[in-house]
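Please look at the sequence and the structure shown here, and then read the briefing that follows.

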Amino acid sequence: ASANQDMTGYRIRYRLKGTKKYSYIEVTGKKLNKTLSLKKGKTYEVAVSQFKIQKINNAEKKEIRRHP
């Protein structure tokens with residue numbers, strides 16, 4: 001019997017305003033929260049995307065849905 005399992009998570013993309021390089025963090029599992037270490041007094045740009053991981057017979061397929 002094959003075990004199919006879906007898992008939802010979130011990808012947090014952030015950067016210091018005015019810079020080009022983004023940092024990424026993915027959060028999955030039962031506890032869907034994350035604290036970012038940001039510098040006080042600075043402005044950041046943040047975007048969150050939802051993704052679903054489908055596990056089919058030990059293979060993973062990730063589907064990302066972007067949110068503004």
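Glu45 is partly exposed, with a relative accessible area of 28%; here buried means under 20% relative accessible area, exposed means over 50%, and partly exposed lies in between, with a 1.4 Å probe and protein chains only. The model is predicted, and for that reason local features need pLDDT of at least 70 and side-chain atom pairs count only at pLDDT 80 or more, while totals for chains, interfaces and linings use all residues. Residues are numbered from 1 along each chain as its sequence is written, and side-chain values use heavy atoms, with hydrogens and water left out.

**Overall build**

- The protein has zero helices and four strands, where helices (H or I, at least four residues) and strands (E, at least two) are DSSP runs numbered from the N terminus.
- Read from the N terminus on, the elements run β-β-β-β.
- Of the 68 residues of the protein, 16% count as buried.
- The accessible surface comes to about 5,800 Å², and 46% of that surface belongs to carbon and sulfur atoms; accessible areas come from the Shrake-Rupley method with a 1.4 Å probe, and for residues only the protein chains shown count as cover.
- Among contacts (heavy atoms within 4.5 Å) between residues at least 6 apart in sequence, 50% join residues at least 24 apart.

**Glu45 and Arg15**

- Glu45 lies in strand β3, whereas Arg15 lies in strand β1.
- The side chains of Glu45 and Arg15 meet in a salt bridge at 2.5 Å, N to O, a term that stands for a side-chain nitrogen of Lys or Arg within 4 Å of a carboxyl oxygen of Asp or Glu.
- This pair links distant parts of the chain, with Glu45 in strand β3 and Arg15 in strand β1, 30 residues apart.
- From C-alpha to C-alpha, Glu45 and Arg15 are 5.5 Å apart in space.
- A polar contact of 3.3 Å joins the side chains of Arg15 and Tyr22; such a contact is a pair of N or O atoms within 3.5 Å, and within protein one must be able to donate a hydrogen and the other to accept it, while residues adjacent in sequence count only if both atoms are side-chain atoms.
- Not counting residues up to four places away in sequence, Glu45 touches Arg13, Tyr14, Arg15, Lys17 and Tyr22.
- With neighbours within four places in sequence left aside, Arg15 is in contact with Lys20, Lys21, Tyr22, Thr43, Tyr44 and Glu45.

**Glu26 and Arg11**

- Side chains of opposite charge can pair when their charged atoms come close.
- A search of the whole structure finds two salt bridges, and one of these joins the side chains of Glu26 and Arg11 at 2.4 Å, N to O.
- Glu26 lies in strand β2 and Arg11 in strand β1, so this pair ties together parts that are 15 residues apart in sequence.
- Arg11 is found in strand β1, which covers residues 4-16, and Arg11 counts as buried because its relative accessibility is 18%.
- Glu26 is partly exposed, with a relative accessible area of 37%.

**The aromatic pair**

- The search of the whole structure finds one aromatic pair, a term for rings of Phe, Tyr and Trp (its six-membered ring) whose centres lie within 6.5 Å, with planes under 30 degrees apart counted as stacked, over 60 as edge-to-face and the rest as tilted.
- Tyr22 and Tyr24 form this tilted pair, at 6.4 Å centre to centre and with 45° between the planes.
- Tyr22 counts as partly exposed at 22% relative accessibility, whereas Tyr24 is exposed, with a relative accessible area of 51%.

**Thr43 in its loop**

- Thr43 has its place in the loop between β2 (23-28) and β3, and Thr43 is partly exposed, with a relative accessible area of 47%.
- Thr43 and Gly18 are 25 residues apart in sequence, and the distance between them in space is 9.0 Å, C-alpha to C-alpha.
- With neighbours within four places in sequence left aside, Thr43 is in contact with Arg15, Leu16 and Lys17.

**A nonpolar surface patch**

- Tyr10, Leu32, Val46 and Val48 form a nonpolar patch on the surface, with about 310 Å² of accessible area together.
- Patches are made of residues with over 30% relative accessible area and no salt bridge, where like charges are joined within 9 Å and nonpolar side chains (Val, Leu, Ile, Met, Phe, Trp, Tyr) within 5 Å.
- Val48, a member of this patch, is found in strand β3, which covers residues 44-56, and Val48 is partly exposed, with a relative accessible area of 36%.
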